[in-house]
Amino acid sequence: MTHDCPLCREDGGALIWRGARLRVIRADEAGFPAFYRVVWNAHAAEFSDLTVAERQHCMDAVAVVEQVLREHLVPTKVNLAALGNMVPHLHWHVIARFGWDSHFPAPVWASPIRQRSPERESALEVLRPPLHAAIAHRLRKLVERRPT
Ligand SMILES: [Zn+2]
């Protein structure tokens, strides 16, 4: 626990699922309707601060989120990234990307290259409840298979 760390203080977004070691949140990032983060619960700055088993669990969770995004949203691509330059508390970005999104094929952190599509963004937003239920269900199963 680090007092000035926002990911130690709060979830960091809309909580989708929380386990003993990590949580999944949806980030409210304008223009990106399927922007998720897998956040390690304990304060760790770097991925290599985790044990081998912890790293495995973390990446299994990232893969679960990616797989569910693919099944429910059929994105053009899923982007995975762990930067932590702004908030050095381990979190993986899992972002469903679409050929029509304002930045594609550039990273979400680059400058936009086209107008946003509110209609297409809205069409994805209505798919969120079953998507979130599926993420929670699969992560529960993941933890049951390999208890903490
Ligand atoms: Zn922290």
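The model is a predicted one, so local features need pLDDT of at least 70 and side-chain atom pairs count only at pLDDT 80 or more, while totals for chains, interfaces and linings use all residues. Residues are numbered from 1 along each chain as its sequence is written, and side-chain values use heavy atoms, with hydrogens and water left out.

**Helix pair**
- Helix α2 (residues 52-73) packs against helix α4 (residues 128-145) at an angle of about 150 degrees, with axes 10 Å apart. Here, axes are lines fitted to C-alpha atoms over the stretch in contact, and angles run from 0 to 180 degrees between N-to-C directions. Helices are DSSP runs (H or I, at least four residues), as are strands (E, at least two), numbered from the N terminus.
- Residues making the contact (heavy atoms within 4.5 Å) include Val64, Val68 and His72 of α2, plus Leu131, Ile135 and Leu142 of α4.

**Backbone spots**
- Phe104 and Pro105 are joined by a cis peptide bond, with omega at about 10 degrees. You'll find Pro105 in the loop between β5 (91-97) and α3 (118-125).
- Val74 isn't glycine, yet has a positive phi, near 45 degrees. Val74 sits in the loop between α2 and β4 (77-81).

**Largest pocket**
- A pocket is an open set of points on a 1 Å grid over the protein atoms alone, with protein on both sides within 12 Å along at least five of seven lines; lining residues have an atom within 4 Å of a point.
- The largest pocket has 14 lining residues, and Arg37, Met86, Val87, His91 and His93 lie nearest its centre.
- Both α1 (6-9) and β5 give two or more residues to that lining.

Conventions:
1 Å grid on protein atoms, 1.4 Å probe; cavity = no way out; pocket = protein on both sides within 12 Å on 5 of 7 lines; lining within 4 Å.
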